[in-house]
Amino acid sequence: MKGLFISVEGPDGSGKTTQIQELEKYFKDKNYDVVVTREPGGTPISEKIREVILDINNKDMDFVTEALLYAAARAQHVSQVIKPAILDGKIVICDRFVDSSIVYQGIGRNLGMKTVENINNIAINGYMPDITFFFKLSPEIGIYRKTKQGSKDRLESEKIAFHKKVFEGYEQLEKMHPQRIIGIDANRSIKEIYNEIIAYIETYLSSMNKTLNC
Ligand code: ADP
Ligand code: TYD
């Protein structure tokens, strides 16, 4: 039996991690088997790759190298965590997935959406999210929140023009995949955002008549 794969996307600081923690509690309270993970990362090898990618000192990293490192971390993550969990009927909630590469590397770094998609096809091995929540928040607010949280990593330190391009990339993707990508107004209270997500999931599960591992 196949599980459910949910990814959460959006600008840095848009509240993804906060909502994922709430969503995890929601599923656990209902006794669902849930795996929460993140990208880049989610396995010991992928977390090591994450350190290299986000290291603020790696200023001269080539954009192709960057895209390949994200894809390498993802390949390990899919094979070691996501694929086994999905095949086991679990719910996987992933903080960022391949859409991040398509918009940050494809649009933000100008490598092209198609090129980045091709690089990633071998990494994801057919495992695409069933639902992707796209948190819509102006990059200025997101980056302001990150600055308040503490030191910024190599990607977060990019200029605001980069983050705006990335956001427009997300809007483009949302239009291309309206069935999968669900836009969420993230400029609201934590509770309001949570309620909308839960309402969507409950409708989705009942319309799919989905039975998952408890
Ligand atoms: P992300 O994972 O998208 O980077 P976080 O969940 O870490 O975002 O949130 C970034 C910061 O914004 C944190 O300090 C968090 O407490 C705060 N935050 C999260 N959601 C909201 C919200 N709806 N309104 C205001 N602040 C929020
Ligand atoms: P992370 O710190 O986990 O995200 P956030 O700041 O939203 O909490 O993500 C690390 C950074 O990596 C973030 O700026 C987005 C970027 N990124 C890419 O450029 N490509 C990718 O494929 C992924 C997964 C992330």
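**A tour from loops to ligand**

Select N125: this residue is partly exposed, at 46% relative accessible area (20% to 50%; under 20% is buried, over 50% exposed; 1.4 Å probe, protein chains only). The model is predicted, so local features need pLDDT of at least 70 and side-chain atom pairs 80 or more, while totals for chains, interfaces and linings use all residues. Residues count from 1 along each chain as written, chains are lettered from A and ligands numbered from 1 in written order, and side-chain values use heavy atoms, without hydrogens or water.

Stay on N125. Its phi is positive, about 55°, though it is not a glycine. It lies in the loop between α5 and β4 (131-136). Helices (H or I, at least four residues) and strands (E, at least two) are DSSP runs numbered from the N terminus.

Next, N110, in the loop between α4 (98-108) and α5 (113-124). Phi is near 65°. N110 is exposed, at 59% relative accessibility.

Now show E39 and P40. Their peptide bond is cis, omega near -10°. P40 sits in the loop between β2 (34-38) and α2 (44-54). Most peptide bonds are trans.

Finish at ligand 1. The shell has 14 residues (a heavy atom within 4 Å). G13, K16, T17, T18 and R188 are the closest.

- K16 side chain to a ligand 1 oxygen, 2.7 Å.
- T18 side chain to a ligand 1 oxygen, 2.5 Å.
- R188 backbone to a ligand 1 nitrogen, 2.8 Å.

Helices α1 (16-29), α6 (139-149) and α8 (190-208) each give two or more residues to this shell.

Terms used: Polar contact = N/O pair within 3.5 Å; in protein donor to acceptor, adjacent residues only side chain to side chain.
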